[in-house]
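Biologist: Please give me a close look at one residue and its surroundings, then carry on to the packing elsewhere in the chain. State the cut-offs as you go.

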Amino acid sequence: MTNDRSKVETADEVRHLSADELQAIEETYDPELRFRVLAWPLTIVTAAILFLLSCYHFYTAGFGIPQATVHRGLHLGVTLLVVFLSFSAFGKKEIRPGALAPFGLPLIDWLLGIAGLVTALYVPWIYSELAFRVGNPLPIDIIMGTVLIVALLEAVRRSMGWPLPVIAILFIAYAYYGKSMPGILVHPGASWANIVNHLYLTSQGIYGTALGVIATYVFHFVLFGVMATRIGLGQLFIDIASALAGRYAGGPAKVSVLSSALLGSISGSSIANTVTTGALTIPAMIRIGYPRHFAAAVEAAASTGGQITPPVMGAVAFLMIEYLGLPLTTILTAALVPAFMHFFGVLVQVHLEAKRLGLRGLSAAELPNAWKVLKEGWLTVIPLIILVAVLLSGRTPFAAAFWSITACACVLLIQQVRAQGLLGGLAGTAHGIWEGFVLGAKQSLSVTAAAALVGVVIGVVTLTGVGFKIAYMVTTVAQDWAGSVHGLLSVLPFEVMGVPTLTLLFTLILTAIVCILMGCGIPTTANYIIMVAVAAPILGLLGVEQLVAHFFVFYYGVLADVTPPVAMAAYAGAGIAGANAFKAGNTAFRLSMGKALVPFVFAFQPALLLVTADFTWGNFFLAFGGTVLGIIALAAAVSNWLFAPLYWFERIALVFSAILLVAPDLTATIIGLLLVAPIAARQLMGRKNTGGSAES
């Protein structure tokens, strides 16, 4: 295979998009960023509210959080007000001022914003009386709760689209019409007063764990990610990744994987990561010869790994703290190996694709110098070091966020004083903190509204017990399938899997499918919260540890970002690459097969998570080694390349070997190795003679 491919595009043929074009792409595929253009008085007012909201959270992170309901109500009320200021009802970016649109904002938006603020603050206002009101709500309580539910539905529809509001409405209807439900789903039903009482006045609904985690943890880490990016930490990661990986075959693709892993440690948004790193890596991948759809898919697949990468992991690590009652260090330790497996799987496939296409790495002239990059940007790493150090010390996550945000402000001050002198530096720092705090609060709007609405879904689950009913139905179906398959396999002279193992396998498959389908329409955090309430009990019935069950539903929810037909991260990458979006989505899913395999591995062998109850190093190394080899075998099969082109029957054998290798069983691992060995031997012996192509 040679480098002189006729389809390789020159640098002039690869168009680099402007910052405005990149922002437009991000807004197109991420509804959470479709902010409308406000008239200048409202722009200032909205920015001031957002800045003060960030200041409030920064202060509470360092000096203590008020009573939970008060804290959550204040955060939710301000958020709903700003959501109706920032997001239009039908996607219009500008509205002309008039009698029905004072300051360019429709009257209905003013009413909804104020209603959201008042009704969210109402529960904290009557908090001292709640003990006497829960279960016996006053008419004003029902009115206030109804208005808040309506405001939440509309706020989430505007900021995220229809899927989550529709799910919430269906759950409310299920609670109300319980007597009309079929079969096992039937329940006595609840009056509207009882539904509102449960969702509004108790901690099992809107003001529950989901909103609490967003207001207590997630906001702080979103703010840290924004501030860290503003001081240049994200660019430092990209430059270091380029210096380390750019020289090797298919260099820009490997830079994409490594930089996305690093950037993902401080940012949990797949689409934002795709646009941030993809602006540099996707044109470079196309320039050296990767097909456009493949370049988009690499960036998307790598960027989705940010949500599973410690120490931030989007919002889910902090939700797990609340749901599981485990220390954050335990959650982060459990996430290490699965995150490595995801990036390793993508890296192997881009390497094999580069070898198959005969692609070069970047030249020394195209690469930054690693030592120079570190010398110039080492200050920007200090906030991340402080974040990790405080987390590992056992202090609270919001304390870690407080000190790391403070460190970001100090680094910004040093940078500005160096560049502009003392007075100019102080002014530049103040401006940078203002912009960072405004943007950080702005990026939390949608996830806060979504978390509160997810509280409605969770409230219905706890009110009706539907989660356990769904768990019973799924496990019953899985047991029936397991019995049928076991009967078919009984003709073999040895037992492949027993009925309990097959039952767990089919339950995991059904759960994975539901997680992916749910993730197609709602964000990862909301998907995780719902699936924990609905799907995690399913796995619990089969003896799966809680930590394992939570990680399983989380990973398959994240996978939805690169699973057509709604693979938003892949579509954003395709927008940068000028590629077919659906083709990019399919390829991104293929590149993410490591992430799809690994949850099944740790479901059957929890030792892969390092912190489970029955952990042993023997089980860990068997699962780890088998998974690494299985990912390589599967990557070779789908890439049609190991050391040379593969025959069709070798590709089939590699798929079967991959399944056997990832199975956490010594016998299966040995059989898988025996299948791979002759293929690898033939490839190595014929490595010098790869100019011709084998039958494929």
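Modeller: Leaving out residues up to four places away in sequence, alanine 243 touches Pro368 and Ala370, where contact means heavy atoms within 4.5 Å. This is a predicted model, in which local features need pLDDT of at least 70 and side-chain atom pairs count only at pLDDT 80 or more, while totals for chains, interfaces and linings use all residues. Residues are numbered from 1 along each chain as its sequence is written, and side-chain values use heavy atoms, with hydrogens and water left out.

Alanine 243 lies in helix α10 (residues 233-245); helices are DSSP runs of H or I with at least four residues, strands are runs of E with at least two, and both are numbered from the N terminus. With a relative accessibility of 4%, alanine 243 counts as buried. Buried means under 20% relative accessible area, exposed means over 50%, and partly exposed is in between, for a 1.4 Å probe and protein chains only. Leucine 362 is 119 residues from alanine 243 along the chain, and their C-alpha atoms are separated by 9.7 Å.

Two other residues can be described in the same terms. Serine 657 sits in helix α29 and is buried, at 0% relative accessible area. Setting aside neighbours within four places in sequence, serine 657 is in contact with Ala633, Gly672, Leu675 and Val676. Proline 664 is in the loop between α29 (648-662) and α30 (666-685), and with a relative accessible area of 24% it is partly exposed. Not counting residues up to four places away in sequence, proline 664 touches Val601, Phe604, Gln605 and Leu622.

Next, the core. A nonpolar core is a set of buried Ala, Val, Leu, Ile, Met, Phe, Trp, Tyr and Cys residues joined through side-chain atoms within 4.5 Å. The largest nonpolar core has 220 residues, of which Tyr290 and Phe551 touch the most other members. Helix α15 (residues 328-357) gives the most to this core, 16 residues. Another core, of five residues, lies apart from it and includes Leu38, Leu81, Leu85 and Leu105. As for burial of a whole helix, α22 (residues 524-534) has 11 of its 11 residues buried.

That leaves the helix pairs. Two packed helices are described by the angle between their axes and the distance between the axes. Axes are lines fitted to C-alpha atoms, for helices over the stretch in contact, and angles run from 0 to 180 degrees between N-to-C directions. The axes of α25 (residues 568-577) and α26 (residues 581-591) come within 8 Å and cross at roughly 125°. Therefore α25 is oblique to α26, given that angles under 35 degrees count as roughly parallel, over 145 as roughly antiparallel, 65 to 115 as roughly perpendicular and the rest as oblique. In this contact Ala570, Tyr571 and Ala574 of α25 meet Ala581, Phe582, Ala584, Gly585 and Ala588 of α26.

Helix α9 (residues 209-230) packs against helix α14 (residues 316-324) at an angle of about 140°, with the axes 9 Å apart. So α9 is oblique to α14. Thr209, Ala210, Val213, Tyr217, Val218 and Phe221 in α9 meet Phe318, Leu319, Glu322 and Tyr323 in α14.
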